Amino acid sequence: MIAPRLMMALATGLLLTGPALAEDAPTPPKGLHRHIDTNSDGKIDRTENDALEARMFQRLDRNQDGVLSAADAPPPVPSPQDRFAQMVKEADTDGDGVVSLNEFKAKGNARFDSLDADKNGVLTADERPNREKFRAKHAEWRRARISRKARRSSSAFSLSGFLSTPQP
């Protein structure tokens, strides 16, 4: 299950670097290639490509243990239907399986109140740190969820071993 996701990440990296590998690039790369062409000579050399691969590996190695394994897999992205079903479940305060306008407003008001740090009934730019605290809590929850899933499977592999394995 991890192989398709890893392959997608690696393929994306190769697609991003492919056009920049052309020998006759007349102008310095723009946009996405600017961070790859570190010496701004309009070409991607082996050293720059190796640095890119190291950065990509580091990003993929989410637990920073030096190998890519199932523990590094990103969490599955819930479908819009799953997110909607979860939203309905959370907002359905009376448990009847549907969300009325009053329940929907109550959920929105609760979110508003959680962001209104000074409780004055108005959201301002000064209250943004409260939003960042909310995001930090959400990120902590996601890391815990990923960790639980990672414990379920622990088959490790190295990137070089993975790349040398023929894919169907």
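Reader: Contact means heavy atoms within 4.5 Å. With that cut-off, what share of contacts between residues at least 6 apart in sequence joins residues at least 24 apart?

Author: In this predicted model, the share is 39%.

Reader: What are the ground rules?

Author: Numbering starts from 1 along each chain as its sequence is written, and side-chain values use heavy atoms, with hydrogens and water left out. The model is predicted, so local features need pLDDT of at least 70 and side-chain atom pairs count only at pLDDT 80 or more, while totals for chains, interfaces and linings use all residues.

Reader: OK. How many helices and strands does the protein have?

Author: There are 6 helices and 2 strands. These are DSSP runs numbered from the N terminus (helices H or I, at least four residues; strands E, at least two).

Reader: What pattern do they follow along the sequence?

Author: The order is α-α-β-α-α-α-β-α.

Reader: How much of the protein counts as buried?

Author: Of its 168 residues, 21% do. Buried is under 20% relative accessible area, exposed is over 50%, and partly exposed lies in between (1.4 Å probe, protein chains only).

Reader: Switching to electrostatics. How many salt bridges does the structure hold?

Author: The structure holds 1. The term covers a side-chain nitrogen of Lys or Arg within 4 Å of a carboxyl oxygen of Asp or Glu.

Reader: Which side chains meet in it?

Author: Those of Glu90 and Lys107, at 3.8 Å from N to O. The pair links distant parts of the chain, 17 residues apart. Glu90 sits in helix H3, residues 80-91. Lys107 sits in helix H4, residues 101-115.

Reader: Why does Glu90 count as partly exposed?

Author: Because its relative accessibility is 44%.

Reader: And how does Lys107 count?

Author: Lys107 has 34% relative accessibility, so it counts as partly exposed too.

Reader: Where is Ser40 found?

Author: Ser40 is in the loop that runs between helix H1 (2-17) and helix H2 (46-60).

Reader: Buried or exposed, that Ser40?

Author: Exposed, because the relative accessible area of Ser40 is 54%.

Reader: What about the phi of Lys119?

Author: Lys119 also has a positive phi of about 55°, and it is not a glycine. Lys119 is in the loop between H4 and H5. With a relative accessible area of 57%, Lys119 is exposed.

Reader: New spot. Where does Asn63 lie?

Author: In the loop between H2 and strand E1, residues 68-69. Asn63 has a relative accessible area of 36%, so it is partly exposed.

Reader: Which residues does Asn63 touch, leaving out those up to four places away in sequence?

Author: Ala71 and Asp72.

Reader: What is the place of Ala73?

Author: Ala73 is in the loop between E1 and H3.

Reader: Is Ala73 buried or exposed?

Author: Buried, because its relative accessible area is 17%.

Reader: What separates the C-alpha atoms of Ala73 and Leu60?

Author: They are 7.9 Å from each other, for residues 13 apart along the chain.
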